[in-house]
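Please keep the structure open while reading.

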Amino acid sequence: MCCSRIFGVVKTVGSTQPAVGKMKQSWWKISSVILLVYTIIGGLLLEVPRLSIVNETIRALYFHVPMWFGMVFMFLVSIIYAVRYLRNPNRESDVVSVEFANTGLLFGILGIFTGMVWANYTWGSPWHGDPKQNGAAITLLVYLAYFVLRASVENEEQRARLSAVYNIFAFAAMVPLIFIIPRLQDSMHPGSGGNPGFNMYDLDSKMRVVFYPACIGWILLGGWIATLRIRMRTIDDKMNELDDEKNH
Amino acid sequence: MDKLKTLIAKEFTLELRRKSVISGLALYLFSIIFICYLTFSLRQNLITPLVWTALFWITVLFTAVNTVAKSFIGERKGRDIYYYSVTSPASIIISKIIYNFLLCSLMSFTGFFLFILFLGNPVFDQFLFAIVIVLTSMGFASSLTLLSSIASKANNSSILMAVLSFPVVISILLMAVKVTKNCIDGLDRSVSWDEILILLAINCLVAAASYVLFPYIWRS
């Protein structure tokens, strides 16, 4: 599992390593920062194709679309750890799975908001009832239901198992929703329903120069947020354990 | 195979033994449709095909959720342990899905007849509509059965059942609504072929997921 190696989850908590080791471990955090600084500067200043209606809002591509890539990536990692939990129940996989779902939810919410800002200027209203918007909203509902489920089970082991099952099941039900159905219906969203995606505008690949680094940068940032939250949760658990021991 | 038959037969016997549950569900269905009828009785012309479709599928969805929810939530505690010792989880989930599928189809067709009785019948292509009802019941049964077993393990299970199930069954419902529109407009069957295939594919996906995941829930 490459993710666990890159993100070096949990195992790094509290370990004292030499500076070189730390540098080696945090290369992806540094590259995330560099890529995102480049995205913000290049995304706002570099030249973009001139198009009617869309105009400068085409720059939303660098901030809106990577949110969805990031969301799907986070949810995938969450599913992988849910499967690992079911195969071999341990607390670590559960924590990783939850926190990646959390981060994915954050990305989804940001994706909806950035999309609404864009739609306000190009479609005329923030919520247009477009199939893509509806699909995204339902996806978020699925993961909100996931957190409601977690909140309403008290037994820790049972909570982890049930939520892992629901995570996998919901993802299976979500696939037709965000990948298949929007392609069947007419949509005003760029890239579907006869509207050209950015591939068509971007004949000289000027936008790709920023778009691909932006995707990688946002996904790495998501991984960073998730690992930080995982470490926080693990430390919280350890402190609770110590408190319990003191009280007994 | 024998086990499956026994388990399905057991579900039916249990159902027939406590008739209050099934008659309660029938009454639930009737009440919803009667309320729809009363609401629209003064203005029959307001029931456009689109309104009819929406009312019909909302009614079917709510009835299906209530029908399937009781399949695990109603079970007594001790019985679980007994099942655990005599059969495998796979046969339990398959038997429950088949049984719920039959019950859901029964409820949906009853609902359809009541709709014809009270709100009229705008459906042009009856045969295709029947196929859609059967496929949707299959989808509802296979997805909701697993969710009901999840919900039965948690607190406030009846609310949880609704919260967990609505996002999951929405893709099935969307397809069903689309084909229903085609049926009402009397379009050629080849137009709806794509949607029927997708509905079938979603059913297979959801049923396979339930089959694989159920043993993990049941182990507790």
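In this predicted model, α5(B) is followed by Gly120(B), which has a positive phi near 85°.

**Helix α5 of chain B**
- The helix spans residues 89–119 and holds 31 residues.
- From first C-alpha to last, α5(B) reaches 43 Å, close to the 45 Å expected at 1.5 Å a residue.

**Helices α5 and α9 of chain A**
- Helix α5 (residues 91–122) and helix α9 (residues 208–247) of chain A have axes that come within 9 Å and cross at roughly 135°.
- α5(A) is therefore oblique to α9(A), and the crossing is right-handed.
- On the α5(A) side, the contact is made by Val95(A), Val96(A), Glu99(A), Phe100(A), Asn102(A), Thr103(A) and Phe107(A).
- On the α9(A) side, the contributors are Gly222(A), Ile225(A), Ala226(A), Arg229(A), Ile230(A), Arg233(A) and Thr234(A).
- Seven residues of this contact between α5(A) and α9(A) are nonpolar, four are polar and three are charged.

**Helices α7 and α8 of chain B**
- In chain B, the axes of helix α7 (residues 157–185) and helix α8 (residues 189–218) come within 10 Å and cross at roughly 155°.
- That angle makes α7(B) roughly antiparallel to α8(B), and the two helices form a left-handed crossing.
- From α7(B), the contact uses Ser171(B), Ile172(B), Met175(B), Ala176(B), Lys178(B), Val179(B) and Asn182(B).
- From α8(B), the contact uses Val191(B), Ser192(B), Glu195(B), Ile196(B), Ile198(B), Leu199(B) and Ile202(B).
- The contact of α7(B) with α8(B) comprises nine nonpolar, three polar and two charged residues.

**Contact between the chains**
- Chain B gives 24 residues to the contact and chain A gives 23 residues.
- On the side of chain B that touches chain A, α6 (126–153), α7 and α8 of chain B are the elements that give two or more residues.
- That side of chain B has 18 nonpolar residues, five polar residues and one charged residue.

**Confidence in chain A**
- The average pLDDT of chain A is 80, and 78% of the residues score at least 70.
- Over residues 1–16 of chain A, pLDDT stays under 50.
- For residues 1–16 of chain A, the model has 16 contacts beyond four places in sequence.
- Where pLDDT is low, the predicted coordinates should not be read in detail.

Technical notes:
Residues are numbered from 1 along each chain as its sequence is written. Chains are lettered from A and ligands numbered from 1 in the order in which they are written. This is a predicted model: local features need pLDDT of at least 70, side-chain atom pairs count only at pLDDT 80 or more; totals for chains, interfaces and linings use all residues. Axes are lines fitted to C-alpha atoms, for helices over the stretch in contact, and angles run from 0 to 180 degrees between N-to-C directions. Helices (H or I, at least four residues) and strands (E, at least two) are DSSP runs, numbered from the N terminus. Angles under 35 degrees count as roughly parallel, over 145 as roughly antiparallel, 65 to 115 as roughly perpendicular and the rest as oblique. A crossing is left-handed if the near helix is turned anticlockwise from the far one by less than a right angle, and right-handed if clockwise. Two residues are in contact if their C-beta atoms, placed from the backbone, lie within 7 Å. Ala, Val, Leu, Ile, Met, Phe, Trp, Tyr, Cys and Pro count as nonpolar, Asp, Glu, Lys and Arg as charged, and the others, Gly among them, as polar. The expected span of a helix is 1.5 Å times one less than its number of residues. pLDDT is the predictor's confidence in each residue, from 0 to 100.
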